[in-house]
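Please look through the sequence and the model below before reading on.

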Amino acid sequence: MNRKSLVGGLAAGVGAVALANVTLRERASALAPALDGSQRTFEWRDIDVQYAEAGDPDDPDLVLLSGINAAGSSGEYREVFGDLAADHHVIAPDLPGFGTSERPPLRYSASLYTEFVRDFLAAFDSPAVVASSLTSAYVLDVAGDLDLRSLVLICPTERGGPDRNLLLRELLRSPVVGEGVFNLLASKPSIRYFNADHGYYDTDRVTEEWIDYEWQTAHQPNARYAPASFISGFLNADIDLKAELSGVDAPVTLLWGREADITPLRRGRDLAEAADCRLVVVDDAKLLPHVEFPERVLEVLADALER
């Protein structure tokens, strides 16, 4: 193939990717909140962070913090949010760069999310906190600066991706090609694959409506910027979970899916033993026991929140 043909082929390929990107953008509708309840705005560093609120404001505050992934949102708590509001003032934000919150094209970092978690939790009165996966590390990093009533961590980890890879992050941030690569990662087949690989033990518990919501949230304007930092390792937290857990004053419960593989149960046992905290294991679940077995998890939360 001569140079002219090669350049023409590359141009045609980029053009096809650009057209596919435009088509997908047009297919994505405006995103509705994932959770019922009153919708509020927390203004943080010129970013409008949206959160759902339910329950009596005079009841104890309970903040639910979702984990991070390419299609992350507060909808992770969709199966327990309403029930928890019976006895608590429940608050569930979409993290900056995700869900219905604003998604500026920042180079997102672990320190950004750690600072957001600290400032958001400080806005409430001695809240109990439930945090999932990588977001648990951000909570632990600032727990000593806050007055927390109790803490429940679901499959906590300090790592959500590989070691930092600047080239990968900038590739995903790039126009046309980066958007095209991210669209592949956030396609419905990919969403189903990741759900089955490490999210859910039984994917029959994931409805087509929820898969569509995950697709929609991953195809909002600027949707790729926060996940670009996650996928490339820039959201990994530089902390020692054992040390941070040991220093928490509030009662801590670790909640683990027995079949979790990215954060295996042996890690939960090690953390619980080292920090002398409670570990509750949910059978036939991976990273999302609160979605797969909400009734069981509500029992665990009721007990943990009374401690």
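Leaving aside its neighbours within four places in sequence, S133 is in contact (heavy atoms within 4.5 Å) with G67, I154, C155, P156 and T157. This residue belongs to the loop between β5 (128-132) and α4 (135-142), where helices (H or I, at least four residues) and strands (E, at least two) are DSSP runs, numbered from the N terminus. S133 counts as buried because its relative accessibility is 18%, the term buried standing for under 20% relative accessible area, exposed for over 50% and partly exposed for what lies in between (1.4 Å probe, protein chains only).

The model is predicted, so that local features need pLDDT of at least 70 and side-chain atom pairs count only at pLDDT 80 or more, while totals for chains, interfaces and linings use all residues. Residues are numbered from 1 along each chain as its sequence is written, and side-chain values use heavy atoms, with hydrogens and water left out.

Turning to the strands, β2 (residues 47-54) is mostly covered, with seven of its eight residues buried. Strand β1 (residues 38-44) pairs with β2 in the antiparallel sense over seven bridges, two strands being paired if DSSP finds at least two bridges between them. Within this pairing, Q39 has A52 in β2 as its bridge partner. The two strands form a hairpin with two residues between them, and R45 in the turn has a positive phi of about 50 degrees. Strand β2 is also joined by four bridges to strand β4 (residues 89-93), again running antiparallel, and here E53 stands opposite I91 in β4.

A search of the whole structure finds twelve aromatic pairs, for which rings of Phe, Tyr and Trp (its six-membered ring) must have centres within 6.5 Å, with planes under 30 degrees apart counted as stacked, over 60 as edge-to-face and the rest as tilted. One of them is the edge-to-face pair of F42 and F116, at 6.2 Å centre to centre and 75 degrees between the planes. This pair links distant parts of the chain, since F42 is in strand β1 and F116 in helix α3 (residues 110-122), 74 residues apart. W44 and F116 also form an edge-to-face pair, 5.4 Å centre to centre with 75 degrees between the planes. Because W44 lies in strand β1 and F116 in helix α3, this pair ties together parts that are 72 residues apart in sequence. Both W44 and F116 are buried, and F42, W44, Y51, F116, F120 and F124 form one aromatic cluster.
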